[in-house]
Amino acid sequence: MTDQPDTNNLSARTIERHFQSIALMVLTGVTAWFGLTVQDSTVKLATLTERLSGLERQISDSREQVYTSRDAQKDLELRDSVMQNLAARVLALESAKRK
């Protein structure tokens with residue numbers, strides 16, 4: 001009776017090997033899915049980082065091109081100065097014409 005293998009023990013080993021094979025396939029699938037997800041996330045992160053850099057450059061350029069109230073004040077002062085100069089010239093011409 002000791003020469004015959006224990007059928008219950010063989011059946012348990014066979015079931016355990018099948019379970020290990022199934023568990024290995026599931027773990028391999030989950031690992032592959034996780035790797036693809038990480039790779040996809042990395043690509044999306046790189047794309048978003050580049051877009052953010054572009055937006056930062058646009059904002060920086062926009063800030064440099066803003067027409068401020070100080071610029072407007074300088075322009076108004078220049079306009080007033082030119083108009084006063086022209087008015088003085090017209091008065092000088094009119095007074096010279098009268099003489």
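Here is a short tour, one selection at a time. Keep in mind that this is a predicted model.

**Stop 1: helix 1.** Select residues 7-64, which make up helix 1. Now pick N9, which sits in this helix. Is N9 buried or exposed, or something in between? It counts as partly exposed, because its relative accessibility is 34%. Q39 is 30 residues from N9 along the chain, and the C-alpha atoms of the two are 44 Å apart.

**Stop 2: a nonpolar patch.** Select I22, M25, V26 and V30. Together they make a nonpolar surface patch of about 390 Å². Zoom in on M25, another residue of helix 1. M25 has 58% relative accessibility, so it counts as exposed; the cut-off for that is over 50%.

**Stop 3: the salt bridges.** How many salt bridges does the structure hold? There are 3, so let's visit each one.

- Select K44 and D40. They form a salt bridge, with the closest N and O atoms 3.5 Å apart. Both residues lie in helix 1, 4 residues apart, which is about one turn of the helix. D40 is partly exposed, at 40% relative accessible area.
- Move on to E50 and R57. Their closest N and O atoms are 3.7 Å apart in this salt bridge. R57 is partly exposed, with a relative accessible area of 49%.
- Finish with D80 and R79, a salt bridge whose closest N and O atoms are 2.9 Å apart. D80 is partly exposed at 34%, and R79 is also partly exposed, at 45%.

Note on methods
Residues are numbered from 1 along each chain as its sequence is written. This is a predicted model: local features need pLDDT of at least 70, side-chain atom pairs count only at pLDDT 80 or more; totals for chains, interfaces and linings use all residues. Side-chain values use heavy atoms; hydrogens and water are left out. Patches are made of residues with over 30% relative accessible area and no salt bridge: like charges are joined within 9 Å, nonpolar side chains (Val, Leu, Ile, Met, Phe, Trp, Tyr) within 5 Å. Accessible areas come from the Shrake-Rupley method with a 1.4 Å probe; for residues, only the protein chains shown count as cover. A salt bridge is a side-chain nitrogen of Lys or Arg within 4 Å of a carboxyl oxygen of Asp or Glu. Helices (H or I, at least four residues) and strands (E, at least two) are DSSP runs, numbered from the N terminus. Buried means under 20% relative accessible area, exposed over 50%, partly exposed in between (1.4 Å probe, protein chains only).
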